[in-house]
Amino acid sequence: MPRFSVIVPAYKVQAYLHDCLRSVLTQDHTDLELIAVDDASPDACGAIIDELAAQDPRVRPVHLPENTGLGPARNAGLRQATGDYLLFLDGDDTLAPGALRAIDERLRAIADPEVLLFDYARVYWTGVTVRNVRAGLLAQRGPAGTDVPEVFRLADRPELLRLLMVAWNKAYRRDFIQREGFAFPPGIYEDTPWTYPVLLCARSVATLDRVCVHYRQRRRGSILRTTSHAHFDVFDQYDRVFAFVDSRPELAHWRPVLFQRMLEHLSAIYAAPGRLPPGTRADFARRTRAHHRRHHTHGALGRAARRRIRLRSTLLRLGACRAYGFLSAARRLWRGGRRLAGGCYRALRTGVLRAHYLLQRHRRLDPRLAVFAAYWHRGYACNPAAIEAEVRRLAPHLRTAWITGEAYAHTLPPGVRRIQPGSAAYWTALARARFLVNNVNFTDRLRKRPGQIHLQTHHGTPLKHMGLDLQDHPAAAHAMDFERLLKRVDRWDYSLSANRHSTLTWERVYPSGYTTLGYGYPRNDVYQRATAEDVRRIRAALGIAPHATAVLYAPTHRDYARDHAPRLDVGRVAHALGPQFTLLVRAHYFADGGQGPGVEGGAAGAAGVIDVSAHGSVEELCLAADALITDYSSLMVDYANLDRPIVVYADDWDAYRATRGVYLDLTGEDAPGPVCRTEDELIAVFREGGWRESTAAGRRTAFRERFCPWDDGRAAERVVRRVFLGETDDGPPVVPLADRTPAPAARPHGPPAVTLDVVSRR
């Protein structure tokens with residue numbers, strides 16, 4: 001008996017079916033049966049199913065003699081199912097990698113509830129992936145961090161009825177479905193009379209805050225978005241829902257909630273443009289009024305819910321056609337007016353701010369003002385932050401200000417003034433500050449004045465192609481305007497460099513008249529100054545057990561990828577390495593709206609995984625980690641200062657090298673440690689000890705000598721003395737590696753010996 005029966009009905013989805021079925025068969029949890037139901041599809045769906053069945057015995061093909069529709073096709077699959085749990089997947093959707101393993105782990109952790117709800121993400125034809133906007137309802141923490149029960153009945157969390165009422169975002173215990181005799185009706189809204197009864201009757205429900213299904217948003221072909229009289233099917237389906245509730249007196253108290261949900265659903269169908277055929281809207285409105293009278297009920301609802309029901313009831317009694325037409329027209333007029341007003345306001349504000357900036361440029365420079373920014377205003381970070389702190393220490397006569405949005409205000413140290421990007425204060429600062437410091441570029445509208453000093457700190461060692469070298473890589477350049485780029489470079493007075501490789505690269509790809517400061521990176525000073533107590537404090541704050549081996553996973557951005565999809569199944573890796581390891585997963589800062597690489601949905605809560613993407617200091621994360629896993633991120637150069645193991649995970653090296661271009665062979669002689677191409681190789685490196693062998697240490701030493709010659713803990717001081725205080729010197733002394741004192745090891749006795757067998761992908 002398999003753990004899961006995954007039921008996939010297929011009708012006219014030949015273009016997507018192979019991806020759908022393969023997404024199930026390639027799951028790392030293999031204890032499953034895949035019941036693929038060919039609903040007499042006129043295309044190649046049946047042949048695709050049979051081909052996969054011949055290749056994999058877990059595929060159980062079912063061919064129906066005539067087309068029955070989605071609901072009856074699912075019922076045909078139900079009759080064949082033998083698994084402990086049932087999952088449904090539409091033929092044009094896919095299971096997310098690692099979904100079944102995450103579902104199984106969650107089910108076992110909470111004693112196999114009857115229903116488990118999990119999350120989904122919409123995948124658009126453009127390649128954009130957007131997680132369910134109501135994903136927060138699946139969280140296992142309540143308001144202000146309060147606990148919510150792991151297993152409950154729907155009455156304990158009725159807000160879950162606001163989730164999408166479909167069959168495929170849940171796992172069902174098969175004996176529960178059989179006991180209750182649930183089955184799908186015919187029609188295109190077959191999910192409605194299935195989902196409500198299932199949730200109302202389940203005696204144990206749980207949630208999994210993880211994206212498990214990728215819900216394809218097809219440009220055309222979706223039944224629910226097609227203009228058709230079939231949408232009238234929704235009335236029969238709600239009749240079935242209320243008939244079920246009427247047959248179970250103990251469920252009568254749910255009628256007001258279901259009535260509200262019905263009105264919302266019918267209103268949405270009526271208001272959706274292009275859903276109902278011409279000439280049928282009046283009939284739909286009439287049927288809606290009839291359902292309103294038939295199923296209207298009174299009960300304990302919230303004040304807001306009662307207001308919504310009264311509004312819809314009033315509109316329906318007045319005649320839904322005219323009422324909804326008037327309401328829709330008024331809403332469109334209101335939205336159009338708001339857009340017009342907003343556009344006028346923005347144009348006026350832009351003009352006023354431009355005039356303000358021009359006026360401020362005619363005032364004298366403020367010789368005591370230094371303005372800092374980093375990562376396109378993403379908070380207090382990187383080289384500018386280290387320099388700003390040193391300015392306050394060595395040059396207290398100067399005033400510092402930091403440009404960042406309110407969302408990052410918490411990252412600023414006490415006493416540092418925050419400037420809102422785009423505000424009048426922002427333009428005043430850019431016009432009058434003597435010193436301008438950034439690790440990226442300021443706005444193109446900045447016109448540097450005589451006497452202003454612009455320090456470009458950069459934010460990493462160039463391992464990939466940068467600047468003018470991107471002219472040969474248009475996919476990575478994203479239509480970059482190289483003339484505008486060089487105009488920005490011409491504003492630089494100083495360019496900070498961490499090593500000779502960086503100096504030669506920056507001066508070639510950003511040619512201009514600036515002065516290169518080969519001083520090392522100020523953000524790396526902390527690695528020479530941190531104490532053992534600092535490391536213990538950081539690890540404790542992150543929740544790392546004292547004797548755990550912490551491994552930081554920090555991938556870089558892929559220019560060729562349309563999203564920030566995880567490249568490493570960190571949940572699987574953590575599970576394979578065992579409890580003595582803890583994975584700290586750090587998303588690239590370009591992935592602000594996502595879950596972070598490798599931390600999709602519930603993987604962030606998996607045993608041995610800590611999502612540190614939102615942590616304000618990557619330097620603290622490096623100090624906390626016993627080892628680093630990265631791909632082509634320049635973080636490996638900074639981390640090399642700690643003389644701790646580095647493992648390169650290069651699963652897409654050829655694609656990355658072709659699309660972005662690279663200066664180093666990070667899979668060959670330039671690698672700072674072991675190189676892995678697959679997850680299994682990565683697991684083996686850690687479980688067999690290859691990550692900390694003497695060979696790996698030798699490669700790391702050579703890497704440090706080449707790329708960290710000036711990182712001696714005094715880079716920020718050198719920058720401040722040269723740029724802000726006007727002192728001159730001949731640059732930093734090259735301190736031999738043996739004479740440096742990097743931060744102490746993350747664990748007092750070093751990483752433990754690990755000699756377990758390799759776990760292969762199941």
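Student: Is Y514 buried or exposed?
Tutor: This is a predicted model, and the assignment rests on computed accessibility. A residue is called buried when its relative accessible area is under 20%. The relative accessibility of Y514 is 9%, so Y514 counts as buried.

Student: What geometry does the ring pair of W492 and Y514 have?
Tutor: A pair of aromatic rings is described by the distance of the centres and the angle of the planes. For W492 and Y514 the centres are 5.5 Å apart. Planes under 30 degrees apart would be stacked and those over 60 edge-to-face. The planes of W492 and Y514 stand at 45°, so the pair is tilted.

Student: How many residues apart in sequence are the parts that W492 and Y514 tie together?
Tutor: W492 belongs to the loop between helix 14 (482-489) and strand 15 (494-497). Y514 belongs to the loop between helix 15 (500-509) and strand 16 (515-518). W492 is itself buried, at 4% relative accessibility. The pair therefore ties together parts whose separation in sequence is 22 residues.

Student: What phi does H458 have?
Tutor: H458 is not a glycine, yet its phi is positive. H377 is likewise a non-glycine residue with a positive phi, of about 70°; H377 is found in the loop between strand 10 (366-373) and helix 11 (382-394), and is partly exposed at 23% relative accessibility. For H458, phi is about 60°.

Student: How many aromatic pairs are there, and what geometry does the pair of F88 and F184 have?
Tutor: The count of aromatic pairs comes to 32. In the pair of F88 and F184, the ring centres are 5.2 Å apart. Their planes are at 85°, so the pair is edge-to-face.

Student: How many residues apart in sequence are the parts tied together by F88 and F184?
Tutor: F88 is in strand 4 (residues 85-88), whereas F184 is in the loop between helix 5 (174-180) and helix 6 (192-201). Both are buried: F88 has 2% relative accessibility and F184 has 4%. The parts that this pair ties together are therefore separated in sequence by 96 residues.

Student: Which residue lies over the face of F184?
Tutor: F184 is part of a cluster linked by ring pairs, together with F88, Y172, F176, F182, W194 and F244. A residue also lies over the face of F184, at 5.0 Å from the ring centre. That residue is R74.

Student: Which residues touch the most other members of the largest nonpolar core?
Tutor: The largest nonpolar core has 56 residues. F284 touches H231, F232, V234, F235, L266, I269, Y270 and L276, leaving aside residues up to four places away in sequence. Of these, Y270 has the charged end of R281 over its ring, 4.2 Å from the centre. The core members that touch the most others are Y172, W194 and F284.

Student: How many residues of helix 22 are buried?
Tutor: Helix 22 covers residues 679-687, and its buried residues include E679, L682, F686 and R687. These buried residues pack against several elements, among them strand 17 (549-553), helix 18 (570-577) and strand 20 (627-630). Helix 22 is largely enclosed by the rest of the structure because its buried residues number seven of the nine.

Student: What percentage of the residues in the chain is buried?
Tutor: The chain has 24 helices and 22 strands. Of its contacts with a separation of 6 or more, 76% are between residues 24 or more positions apart. The accessible surface comes to about 33100 Å², with 53% belonging to carbon and sulfur atoms. Among the 762 residues, the buried share is 55%.

Methods:
Residues numbered from 1 in each chain as written. Predicted model: local features only at pLDDT ≥ 70, side-chain atom pairs only at ≥ 80, totals over all residues. Heavy atoms only, no water. Helix = DSSP H or I, 4+ residues; strand = E, 2+ residues; numbered from the N terminus. Buried < 20%, exposed > 50% of the residue type's maximum accessible area, 1.4 Å probe, protein only. Contact = heavy atoms within 4.5 Å. Areas by Shrake-Rupley, 256 points an atom, 1.4 Å probe, with all protein chains shown as cover. Core = buried A, V, L, I, M, F, W, Y, C linked by side-chain atoms within 4.5 Å. Phe/Tyr/Trp six-rings, centres within 6.5 Å; stacked < 30°, edge-to-face > 60°. Lys NZ or Arg CZ within 6 Å of the ring centre and 35° of its normal.
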